[in-house]
Amino acid sequence: DSNQLLGMPPGSPSWILLRVVGERTGHSLAMSEITLWEVLSNVRRRFAEDVAALNRSRDKLVGRLASYAVTEIDWPDNDTYLAPENRIDEAIRRYENQLRQGFRILQTPGPVAIEALRREALRLPPCAENGRGGRDSAIWLTAASAASDDIDPQNQPMPLLFVSNDS
């Protein structure tokens, strides 16, 4: 799920291990389109938080330098220097391409989405008792419905390995 992916960026030892294990066991690596959306949204928020922290640090440094009568420093404007929106958009496009190359993206069928919403409304697992968890339910049900796509050489379905950080 998205929590797992956020903890293992492309090229990390965990990412490489997951790919190798999948290749050696014949399992395809897949994620739901909902997981892809969640990951990309989370990464975009993290980048925005980092840019805000950078701006706060720069402003703090400029203020501290001014308090020591150092006012004649030619600082590049963060918007010009980093061009954060352009760089963030490009980084996210590249990351999405890496995810799409490394994983099969599973579309969530309409009936699966409806079942996920039904489970959320009725507070059925994997949804929580407080009624939350429709997305998690849709991700889980999408994976379960796609499990029959993985067939071994003897034409038998392979076991589904669902990796999640949620309980």
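Is Arg 123 buried, partly exposed or exposed? I looked it up: Arg 123 has 44% relative accessibility, so it counts as partly exposed (buried is under 20% relative accessible area, exposed over 50%, partly exposed in between, with a 1.4 Å probe and protein chains only).

Notes on the model. This is a predicted model, where local features need pLDDT of at least 70, side-chain atom pairs count only at pLDDT 80 or more, and totals for chains, interfaces and linings use all residues. Residues are numbered from 1 along each chain as its sequence is written, and side-chain values use heavy atoms, with hydrogens and water left out.

The loop. I found Arg 123 in the loop between α6 and α7 (helices are DSSP runs of H or I, at least four residues, numbered from the N terminus). Arg 123 isn't a glycine, yet its phi is positive, about 55°. Pro 126 sits in the loop between α6 and α7 too, and a cis peptide bond with omega of about 10° links Pro 125 to Pro 126.

The helices. I then checked how α6 (residues 110-122) packs on α7 (residues 134-146): the angle is about 135° and the axes are 8 Å apart. The axes are lines fitted to C-alpha atoms over the stretch in contact, and angles run from 0 to 180 degrees between N-to-C directions. α6 and α7 are therefore oblique to each other (under 35 degrees is roughly parallel, over 145 roughly antiparallel, 65 to 115 roughly perpendicular, the rest oblique). Contact (heavy atoms within 4.5 Å) involves, among others, Val 112 and Arg 119 of α6 and Trp 140 and Leu 141 of α7.

Note on methods:
Helix = DSSP H or I, 4+ residues; strand = E, 2+ residues; numbered from the N terminus.
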